[in-house]
Amino acid sequence: MRLSSEQLIPLGNDGSLIHSIDTAFLTSEPKKIGVAVSGGGDSMALLHMCIWWANLVGVTVEAVTVDHGLRAEAADEAAVVAAFCKDQGVSHSVLNWDGALAEGNVQAAAREARYALMAGWAKSRGIAHMMLGHTADDIAETFLMRLARTSGVDGLAAMDARFDRDGVKWARPLWEQPRAQLRNYLRRHDVGWVEDPSNEDLSQTRPKARKILNALAPLGIDVGTLKSTAAFLSSARSALQCWAADEARRVVTFEHGDVIIPTRSCPPVHTEIERRLQLAAIGYINGEGYPPRKMALNYLDVALLKQDRHTVAGCFVTKVDGGLRYSRELNAVEGPIVWSNRNVAKIWDGRWSLSEDQNHDRAGDLTIRALGDTMKDVPDWCESGLPRASLMASPAVFDGETLIAAPVAGLQNGFSARIVADFASFLLSR
């Protein structure tokens, strides 16, 4: 249900804010939505607006807070959200993650954990749409932070207002709203919020970016201008993705999970598009969807000047006639997974879907793992036309230690394996 202008008129100054929630769903009409709420001003404003919007259109709202275990104050902040939700008659859940166990980039690990936890929670509650409270300030701050890392178009582009992840639809309806406007909204409605003390910690990157924004204001560089610039770059990124997908259809060869990108074509592929195809091939094959760091790609280019093969980010890159073949690296594939219910296809290594095409009446669980050295038990693997390294990293079905099927290598035995998404579609989804 879309809100009419007549419904928004009584909301006065808040009409445009409520409308931003309404338009976040485009043509979908959810019966229930989830709201990620930390207790900060942005997410509290989002929650209040969602409750108001839901009352107008007859939708149920549920809130969720993730405690990363990284700050002692997080539990108290979750309690503030819980009290507000109780007063509003809204269901509220707290999800916990032990950030103390994270290694490497803790903030990145926390972000990944947050999405995974909230997606699991949403699906368990029958929620298909999740709302996030990112604002124009977040976009501007992120722009400055990534500018310092010499990011290109993709890195500087605005975060997506709508996207799919982990089987859930996510929206950032407040991406065009400045933080100050949301604080004013909360004051008008007498809604409290919690100030995160880390926002004032200038040893952290984001607070530094906020301070720099204030210094840039005399030049006319403010939240609004950076948000608009990031939005323009987002449009440019989309155009480049479409161009890359078109070129992929024209020049890229796909062979049972391997991607072959020509180094010479007519007309030639633009250097920027060729780079995008390389990064996409790596992200596509390693099943993570994320490209390697720029330095890793530079090392790959240098290595291939001296040798015929090199590994990068879980991929095995080999020189072939007129191009490069990108295959999965055997040592990087997912480990064995148990396949109990063979009426349902099983995903392995993030990109292979295995299914049983005929019922073998075989008792007990089967296991899916890389074919590896058991390729010696596939007599006709050469007829597949695929390199040995590619086949060794392909999925196979085992009963204990006995090889049952290796569909990619030609040993079907009633099983099949397919890639879950074609390369061009993958390019457009990034």
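How many disulfides does a search of the whole structure find? The search finds 0 disulfides, a disulfide being a pair of cysteine sulfur atoms within 2.5 Å. This is a predicted model, in which local features need pLDDT of at least 70, side-chain atom pairs count only at pLDDT 80 or more, and totals for chains, interfaces and linings use all residues. Residues are numbered from 1 along each chain as its sequence is written, and side-chain values use heavy atoms, with hydrogens and water left out.

**Overall build**

- The protein has 14 helices and 18 strands. Helices (H or I, at least four residues) and strands (E, at least two) are DSSP runs, numbered from the N terminus.
- Along the principal axes, the C-alpha atoms fill a box of roughly 75 × 55 × 45 Å.
- Of the 430 residues, 45% count as buried. Buried means under 20% relative accessible area, exposed means over 50%, and partly exposed is in between (1.4 Å probe, protein chains only).

- Cys315 counts as buried because its relative accessibility is 0%.
- Cys382 is exposed, with a relative accessible area of 54%.

**A positive patch**

- Arg111, Arg146, Arg149 and Arg293 gather on the surface in a patch of positive charge.
- Patches take residues with over 30% relative accessible area and no salt bridge; like charges are joined within 9 Å, and nonpolar side chains (Val, Leu, Ile, Met, Phe, Trp, Tyr) within 5 Å.
- The areas come from the Shrake-Rupley method with a 1.4 Å probe, and for residues only the protein chains shown count as cover.
- A salt bridge is a side-chain nitrogen of Lys or Arg within 4 Å of a carboxyl oxygen of Asp or Glu.
- Lys and Arg count as positive, Asp and Glu as negative; His and the chain ends are not counted. The place of a charge is NZ of Lys, CZ of Arg, CG of Asp or CD of Glu.
- Arg293 sits in the loop between helix H11 (271-285) and helix H12 (294-306). Arg293 counts as exposed because its relative accessibility is 70%.

**Backbone features in loops**

- Cys266 and Pro267 are joined by a cis peptide bond, with omega about -5°. Pro267 lies in the loop between strand E8 (258-262) and H11.
- Asp166 is not a glycine, yet has a positive phi of about 55°. Its loop runs between strand E5 (162-165) and strand E6 (168-171). At 38% relative accessibility, Asp166 is partly exposed.
- Asp190 also has a positive phi of about 55° and is not a glycine. Asp190 is in the loop between helix H8 (179-188) and helix H9 (205-216). With 73% relative accessibility, Asp190 counts as exposed.
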